[in-house]
Amino acid sequence: MKPLKIAMMSMTHGHTRKYYQTLKDNPKLDWVAVATANDEVKEIFLNSVDGIPCYDSEIEMLDAHPEIEAVVLASENSDHLRQMKLCAERGIHILSMKIPTFDMDEYDEMIDIVEKNNLVCQIELEMHYNPVIARMKELVANGEIGKIKSFNATNITLSPVWAFPWQGVPEKSYGKRVQIKEGDSRFRGGALCDHPHIFDMIRHITGSEFDSIYAEVAPNIRPDIEEEDMLSVIGKMKDGTIFSLDPSWSKMEERIKVPGPGWEVFPKRMEVNITLNGEKGTVMADCFGPNVYHNGCPNDRYTVQYTYFDEWIGLIDEFVDNIRNHKTPLINLRWHKDTIKAMNACYESIATGKVIKL
Amino acid sequence: MKVFQEKLEFLLDKYSVETKAVLKDCKTAVIEGKDTPILSHRLERRFIELKNIVGGGTLVGISVMRVARIVEKGSDIFAELYRELDICQYILGRKIVAVTAMQNDNTLNVIATAEDSIVCTIEISATLKKGEIPKDKHEIISQRGIACDVVVDAQLKQDSIYVFGAENKKFTDVDFELYGLSIEDIAVVRSAFTIAQKGTKDEMIAIDENLKVLVKKAKASVESGERQVI
């Protein structure tokens with residue numbers, strides 16, 4: 001199979017560096033170029049990767065490399081629609097970050113652009129290429145716990161706003177400035193916008209859709225950021241499964257500009273744990289581990305050192321297969337729309353204090 | 001109950017407590033002739049220490065308390081909710097002011113708002129096979145630190161001793177005076193003893209009344225699909 005000629009745009013997203021290894025190593029890819037959004041990310045990129053042409057302008061990059069077939073939009077949420085249009089004009093396939101947009105009119109415009117231009121647009125939800133999730137799906141499919149009655153999950157991390165400042169700006173993260181609720185000084189765009197995975201996974205694992213959602217924000221553990229960092233969500237799926245989801249930034253971090261050793265204040269930087277309670281029993285899963293531990297440099301703090309498995313390998317393999325074999329991505333814009341609607345319902349519930357029916 | 005009563009009388013005698021206390025079951029003691037809810041979980045050392053951490057200033061700026069509890073099939077999930085609501089109020093030192101609950105048969109998820117806008121999430125299920133010990137976790141998250149009764153990067157609690165022999169065994173012994181009893185059983189005895197020793201019978205009855213209201217509100221939320229303010 002001819003290697004896919006791929007590029008990256010912006011390089012401002014927290015997942016940018018996750019692509020470096022797989023874009024260099026995967027024989028199905030030919031990494032052609034990157035376009036960086038600003039000097040800061042350009043410097044980080046040039047310090048991390050050798051030999052890939054780096055441009056200051058997306059158009060300059062696309063004009064210089066008409067051979068580009070696909071682009072990873074490693075950008076803030078507010079740039080996605082504009083960049084999708086830019087790609088679509090040139091027939092370039094798209095790998096979008098996990099939140100295409102929260103604006104449903106924009107979302108429909110994205111679907112229209114992609115479908116009219118016959119493009120592959122895959123949404124980056126890497127948990128689907130996680131082996132623990134694969135095992136969990138298998139256990140459920142095999143009837144190990146019978147019909148699922150409740151799905152409880154965490155998707156909790158440290159806050160990325162110091163390393164990736166756009167995530168702390170409501171207009172760039174949520175798309176506009178919306179007060180989180182009356183009498184509250186915070187705005188939409190925080191932890192919820194960073195953590196769609198468990199909202200997506202419950203749909204896949206139960207095979208059902210959201211019926212009702214209730215959410216509350218708690219006092220921020222970072223009082224100086226202007227978005228929510230702690231929230232709790234419960235609700236019900238149409239098949240009766242109840243859920244409890246925690247998409248918070250509940251792990252405290254050092255406020256460093258480039259993620260790396262010493263980022264953690266709390267020993268563990270992130271967690272995705274899922275508990276499925278079924279009619280025949282319970283499955284509890286920690287999606288990342290087993291790990292190793294140290295209390296060495298730079299801060300002498302006890303720290304969980306992840307033994308990451310690279311979910312981006314499977315994600316990119318699927319992306320190439322979708323393009324070369326004209327397949328619809330597992331996580332495509334139409335599928336993902338109901339996940340985003342559910343996340344919007346969380347914000348609506350927080351604002352109104354009501355249970356929201358979907 | 002006979003062993004528990006013997007242990008209780010041992011403590012009452014040792015510490016010269018003259019108040020009469022008789023354990024009726026694991027939830028109730030007759031103290032000075034009056035049925036008294038003993039809320040034995042309050043005497044589990046982990047909850048005492050978590051309360052100390054929260055109330056003693058180790059954690060600053062409490063935001064959230066997260067609770068998950070899985071028990072054996074056939075258990076009353078609202079009785080478990082009663083227990084966990086009490087643990088939240090006890091550890092946080094704050095009253096719960098609103099509850100929203102979703103139920104699916106023997107599973108129950110609740111968001112409870114405590115004073116100072118602290119949010120408590122409580123996930124309960126009765127899905128374990130008969131005889132399996134409960135799995136639970138209690139975590140308090142604040143601006144300055146997290147406290148939890150499960151070690152970081154683990155899903156379940158550890159035991160003190162593991163024996164890998166002809167038969168695998170494990171032991172967790174936490175009380176020298178009441179050696180031989182389980183953590184939960186120790187809490188039952190200690191709770192009845194403490195109520196008798198400190199004369200907190202009326203306080204326990206009042207707490208029980210409050211918890212019954214909270215559970216009633218949770219049931220109302222399940223029925224109505226709406227948040228219930230206390």
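With which residue does Arg66(B) form a salt bridge, and how far apart are the closest N and O atoms?

Guide: In this predicted model, Arg66(B) forms its salt bridge with Glu123(B), and the closest N and O atoms lie 3.2 Å apart. Because Arg66(B) belongs to strand E4 of chain B and Glu123(B) to strand E7 of chain B, the pair ties together parts that are 57 residues apart in sequence. Both Arg66(B) and Glu123(B) are buried.

A second pair in chain B is formed by Glu84(B) and Arg83(B), whose closest N and O atoms are 2.9 Å apart. Glu84(B) is buried, as is Arg83(B).

The search of the whole structure finds 59 salt bridges over all chains. One example in chain A is the pair Lys268(A) and Asp286(A), whose side chains meet at 3.7 Å, N to O. This pair links distant parts of the chain, 18 residues apart: Lys268(A) lies in the loop between strand E10 (242–246) and strand E11 (270–278) of chain A, and Asp286(A) lies in strand E12 (residues 281–286) of chain A. Lys268(A) and Asp286(A) are both buried.

Salt bridges also run between the chains. Between chain B and chain A the count is 5 salt bridges, including one from Glu216(A) to Arg227(B), with the closest N and O atoms 3.5 Å apart. The count of residue pairs in polar contact between these chains is 20, with both residues at pLDDT 80 or more. On the chain B side, the elements that give two or more residues are strand E4 (62–72), strand E5 (96–104), strand E6 (107–114), strand E7 (119–128) and strand E8 (135–142). Strands E4 and E7 of chain B, which hold Arg66(B) and Glu123(B), are thus named among the elements on the side that touches chain A. By class, the residues on that side of chain B divide into 15 nonpolar, 16 polar and 10 charged.

As to extent, 41 residues of chain B are in contact with 51 residues of chain A. The two chains bury about 3400 Å² between them, with 57% of it on carbon and sulfur atoms. Met102(B), Asp153(B) and Gln155(B) supply 20% of the area that chain B buries against chain A, more than any other three residues.

Contact involves 30 residues of domain 1 and 31 residues of domain 2. About 2800 Å² is buried between the domains, 61% of it on carbon and sulfur atoms. Phe102(A), Leu125(A) and Glu126(A) supply 26% of the area that domain 1 buries against domain 2, more than any other three residues.

Between these domains the count is 5 salt bridges. In chain A, the side chains of Glu76(A) and Lys172(A) meet in a salt bridge at 3.9 Å, N to O. Elements giving two or more residues to the domain 1 side include helix H1 (18–25) and helix H5 (104–116) of chain A; H5(A) gives the most, with 7 residues.

Technical notes. Residues numbered from 1 in each chain as written. Chains lettered and ligands numbered in written order. Predicted model: local features only at pLDDT ≥ 70, side-chain atom pairs only at ≥ 80, totals over all residues. Heavy atoms only, no water. Contact = heavy atoms within 4.5 Å. Buried area = accessible area lost by both parts, 1.4 Å probe. Salt bridge = Lys/Arg side-chain N within 4 Å of Asp/Glu carboxyl O. Helix = DSSP H or I, 4+ residues; strand = E, 2+ residues; numbered from the N terminus. Polar contact = N/O pair within 3.5 Å; in protein donor to acceptor, adjacent residues only side chain to side chain. Nonpolar A, V, L, I, M, F, W, Y, C, P; charged D, E, K, R; others polar. Buried < 20%, exposed > 50% of the residue type's maximum accessible area, 1.4 Å probe, protein only.
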